[in-house]
Amino acid sequence: MCHTTAPGQKAGLGPNLAGLNGRKAASTAFLYSPALKASGIKWDKTTLDTFLQGPSKMVPGTRMAVSVTNPAERAALINYLVSLRK
């Protein structure tokens, strides 16, 4: 609902997630929070797992409001996210 996933597709309320794996956080043309811009995070399975468990715990000040507390759901989501190509 918030993000888009097709390469080149305009971002929604959140950034386009195509090509997320291996990308530096806040590195696309989207209006990211200053906190996420300054985070220095590089997205991979480990950082996504930590972030999705509690975005504001990992990056205080992030605008990402949704957490995924169920480990199986989070793992499935992470596998999907890392499969997205640019």
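Guide: A polar contact is a pair of N or O atoms within 3.5 Å; within protein, one of them must be able to donate a hydrogen and the other to accept it. The structure above is a predicted model.

Visitor: What makes the approach of the Ser39 side chain to the backbone oxygen of Leu36 a polar contact?

Guide: A polar atom of the Ser39 side chain lies 2.8 Å from that backbone oxygen of Leu36. The cut-off is 3.5 Å, so the pair qualifies.

Visitor: Where is Ser39 found, and which residues does Ser39 touch?

Guide: Ser39 belongs to the loop between H1 and H2. Beyond four places in sequence, Ser39 touches Ala25 and Val59. Its C-alpha and that of Leu84, 45 residues along the chain, are separated by 22 Å.

Visitor: Why is Ser39 called partly exposed?

Guide: The relative accessible area of Ser39 is 26%. Buried means under 20% and exposed over 50%, with partly exposed in between. Ser39 therefore counts as partly exposed at its 26%.

Visitor: How do you know that Arg74 and Asp49 form a salt bridge?

Guide: Their side chains meet at 2.6 Å, N to O. A salt bridge needs a side-chain nitrogen of Lys or Arg within 4 Å of a carboxyl oxygen of Asp or Glu, so the pair meets the condition. A search of the whole structure finds one salt bridge.

Visitor: What does the pair of Arg74 and Asp49 link?

Guide: Distant parts of the chain are linked: Arg74 lies in helix H4 and Asp49 in helix H2, 25 residues apart.

Visitor: Why are Arg74 and Asp49 described by separate words for their accessibility?

Guide: Arg74 has 7% relative accessibility and is therefore called buried, the limit being under 20%. Asp49 has 27% and therefore counts as partly exposed.

Visitor: What else does Arg74 meet?

Guide: Leaving aside neighbours within four places in sequence, Arg74 is in contact with Asp49, Leu52, Gln53, Val68 and Thr69. The backbone oxygen of Val68 is 2.7 Å from a polar atom of the Arg74 side chain.

Visitor: How do you know that the span of H4 is close to what is expected?

Guide: Helix H4 runs over residues 71-83, which makes 13 residues. From its first C-alpha to its last, H4 reaches 18 Å, close to the 18 Å expected at 1.5 Å a residue.

Visitor: Which residues of H4 are buried, and what covers them?

Guide: The buried residues of H4 are Arg74, Ile78, Leu81 and Val82. They lie on the same side of H4, because they cover an arc of only 90 degrees around the axis. Helix H2 (45-53) is included in what covers them. The face of H4 turned away from this buried side carries the exposed residues Ala72 and Glu73.

Visitor: What is found at the start of H4?

Guide: A side-chain oxygen of Asn70 comes to within 2.9 Å of the backbone nitrogen of Ala72.

Visitor: Why are the buried residues of H2 said to line one face?

Guide: The buried residues of H2 are Thr47, Leu48, Phe51 and Leu52. They fall within an arc of 120 degrees when seen down the axis, so they line one face of the helix. Among what covers them are H1, helix H3 (55-58) and H4.

Visitor: What makes Asp44 a cap of the N-terminal end of H2?

Guide: A side-chain oxygen of Asp44 lies 3.0 Å from the backbone nitrogen of Thr46.

Visitor: How do you know that Arg23 has no salt bridge?

Guide: The nearest side chain of opposite charge to the buried Arg23 is that of Asp44, 13 Å away.

Visitor: What does the side chain of Arg23 reach?

Guide: The Arg23 side chain reaches the backbone oxygen of Asn16 at 3.1 Å and that of Ala18 at 2.8 Å. Arg23 is placed in the segment before H1. Beyond four places in sequence, its contacts include Thr28, Ile41 and Trp43.

Visitor: Why is His3 called partly exposed?

Guide: The relative accessible area of His3 is 31%, and His3 is therefore partly exposed, since that class lies between 20% and 50%.

Visitor: Where does His3 sit, and what does His3 touch?

Guide: His3 is in the segment before helix H1 (34-37). Apart from residues up to four places away, His3 touches Gly14, Pro15, Leu17 and Met64. The C-alpha atoms of His3 and Gly14 are 4.8 Å apart, with 11 residues of separation in sequence. The side chain of His3 also reaches the backbone oxygen of Pro15 at 2.8 Å.

Technical notes. Residues numbered from 1 in each chain as written. Predicted model: local features only at pLDDT ≥ 70, side-chain atom pairs only at ≥ 80, totals over all residues. Heavy atoms only, no water. Helix = DSSP H or I, 4+ residues; strand = E, 2+ residues; numbered from the N terminus. Expected span 1.5 Å × (residues − 1). Buried < 20%, exposed > 50% of the residue type's maximum accessible area, 1.4 Å probe, protein only. Arc of directions from axis to C-beta. Contact = heavy atoms within 4.5 Å. Lys, Arg positive; Asp, Glu negative; His and termini not counted.
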